[in-house]
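Colleague: I've just opened this one and would like to go through it with you. Could you take my questions as they come?

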There are 2 protein chains.
Amino acid sequence: MSPSDPPFDDIAIVGLGLIGGSIALAVRERWPSVRVLGIDRQAVLAHALGGGAIDRGAEGVGAIGREQLVVLAAPVRQNVALLAELAPRLAAGTVVTDVGSTKRDIVASIPEGMAAAFVGGHPIGGAERGGFGFARPDLFRGRPWIFTPGPEAPRAALDRLFAFVTGLGSRPSLMDPAQHDRVMAALSHAPQLAATALMAVTGAAAGSAFLPLAGRGLVDTTRLASSPPDTWRDVCAVNADAIGDALDALIACLSELRAGLSDGETITRVFEEAAHWRAELMKGRE
Amino acid sequence: MSPSDPPFDDIAIVGLGLIGGSIALAVRERWPSVRVLGIDRQAVLAHALGGGAIDRGAEGVGAIGREQLVVLAAPVRQNVALLAELAPRLAAGTVVTDVGSTKRDIVASIPEGMAAAFVGGHPIGGAERGGFGFARPDLFRGRPWIFTPGPEAPRAALDRLFAFVTGLGSRPSLMDPAQHDRVMAALSHAPQLAATALMAVTGAAAGSAFLPLAGRGLVDTTRLASSPPDTWRDVCAVNADAIGDALDALIACLSELRAGLSDGETITRVFEEAAHWRAELMKGRE
């Protein structure tokens, strides 16, 4: 295989939302010869077919045949159910991955005796809104893509997945599923809930009359607040223990600030800690 | 006065940080003939003089003489002290305003018998970082500028301030000081503390090793987390009651989400509320 050969000639993508749709568009751009089957509702398929993102569409996974790669890109609990449904039907040599933002659940659910190879994955992309309408081929460019292979995952499958996501512009790395879920609870899941809670209470307090007086700060801090509930309902349920710990830490810090509003030392200390970590976060970005 | 005449021929700006510095730059751009005196530390004055933002600089308010407008742009508790210090020395006809993000405190502190006219003000600008280095002449363009005149404020002073900030590109409006502080606690002060707390706990949990795995969501949600502690220490102390109420609501919502992580109904309801208010917030922006 030369570096420009596609690691997979046929792929099926189950769920053409922001992530699945962006994978389809990125594959098109990188390897125009690769055949892409998309699985989703009819309205989404029409949109994806119309834009040339996929070659064929179907409403159910029954349409999946001898594709070399199957990407599960539905909400995380659906991915687990889809993996169980597909397992008996996939041939040896098929590679299956998912793009969910929790990994313990699906890695623990790999069906016994499945001939296909499963490697859990998580691209760190993200955009303001979900859905195929916001998909774009450069969503993964320069961004991490974490894989969480179990001990049973064949090395060849992992190598092909690394080549695949590298071709889409992403930077693949490896992580243990439990560590992944804990780190993502802190880096992604709790921040999502913080932005959601902040927008819900600020909107209720200020109302439509005063929201126009908000500065750019509130606009940026609540950018995540239009994220789709279905995706997050699943993530919250599946990663509840780790997210709970992250939320407890956030609530404790907010309570400390609340108790210390008139106490300059508390405010100064937490602002200095935040500025330190913000500078760390921004290293190597912009 | 024709619409292009400056409403003030001489102005003094006390504090050349992000807001004070941006006022100086915006005045320069709009009315090059207006003389601007800047009051700040020597290093800041050198920067501002070098860039042509001010005509003259001084380290203390003793340099203020017969300027027609005095803008107090220090941290909010310093503005209160500065107003008391300046009051006996300013002539009738002088207009004094401030740009602090709390208004009850300074409006309640207007010295008895002051000959000059004071009108509290609050430009809603905001940028990622404070300090003269981040000042820019377009900071106020298209953004609100709230004035909170007491009953004693002369109409003529308010008219001149409206003309002044309109000239800088801003959209002036009026508000009661107590309502201003309550609305800003919700729209600005609590979101600042939420972003600060989130960055402090997320950084501590993830550490430098894992922060590079954060997506754009965390980057946007914590943009405010490099705000300067001195500004916010004052705002928190002065507006503690209203900020406390706003933080209580946020902590209550986060606690509800935390208790309901595995309960799809709670997650869905709060995400739907947040998406509704986010859409309201974004009306007329971008």
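Colleague: Which side chain joins that of B:Glu67 in a polar contact of 3.2 Å?

Modeller: That would be the side chain of B:Arg56, and please keep in mind throughout that this is a predicted model.

Colleague: Where in the chain is B:Glu67 placed? And is B:Glu67 buried or exposed?

Modeller: B:Glu67 sits in the loop that runs between β3 (56-58) and β4 of chain B. With a relative accessibility of 7%, B:Glu67 falls under the 20% limit and therefore counts as buried.

Colleague: What is B:Glu67 in contact with, leaving aside neighbours within four places in sequence?

Modeller: On that basis B:Glu67 is in contact with B:Asp10, B:Ile11, B:Ala12, B:Leu37, B:Arg56 and B:Thr94. As for B:Thr94, it is 27 residues away from B:Glu67 along the chain, while the two C-alpha atoms are separated by 7.0 Å.

Colleague: B:Ala12 is in that list. Which strand does B:Ala12 lie in?

Modeller: B:Ala12 lies in strand β1 (residues 10-14) of chain B, and B:Ala12 is buried, with a relative accessible area of 0%. Its contacts beyond four places in sequence include B:Leu37 and B:Ile64, as well as B:Leu69, B:Val70 and B:Val71. Between B:Ala12 and B:Leu69 there are 6.3 Å from C-alpha to C-alpha, although they are 57 residues apart in sequence.

Colleague: Moving on to the strands, how many bridges are there between β4(B) and β5(B)?

Modeller: Strand β4 (residues 69-72) and strand β5(B) pair in the parallel sense over four bridges, and B:Leu72 stands opposite B:Asp98 of β5(B).

Colleague: Changing topic, where is the kink in α6 of chain A centred?

Modeller: The kink, of about 60°, is centred on A:Ala204 in a helix that covers residues 177-210. Helix α6(A) is mostly covered, as 25 of its 34 residues are buried, and at its start a side-chain oxygen of A:Asp176 reaches to within 3.1 Å of the backbone nitrogen of A:Ala178.

Colleague: Last one: what rotation superposes chain A on chain B?

Modeller: A rotation of 180° does so, with 0.0 Å of shift along its axis and an RMSD of 0.1 Å. That is the relation of a two-fold axis, and the C-alpha in chain A nearest the axis belongs to A:Thr221, 2.0 Å from it. The same surface serves both copies, as 100% of the contact residues of chain A recur in chain B.

Methods
Residues numbered from 1 in each chain as written. Chains lettered and ligands numbered in written order. Predicted model: local features only at pLDDT ≥ 70, side-chain atom pairs only at ≥ 80, totals over all residues. Heavy atoms only, no water. Bend = angle between axes of the 7 residues up to and from the residue. Helix = DSSP H or I, 4+ residues; strand = E, 2+ residues; numbered from the N terminus. Buried < 20%, exposed > 50% of the residue type's maximum accessible area, 1.4 Å probe, protein only. Polar contact = N/O pair within 3.5 Å; in protein donor to acceptor, adjacent residues only side chain to side chain. Pairing = 2+ DSSP bridges. Least-squares fit on C-alpha atoms with pLDDT ≥ 70 in both. Contact = heavy atoms within 4.5 Å.
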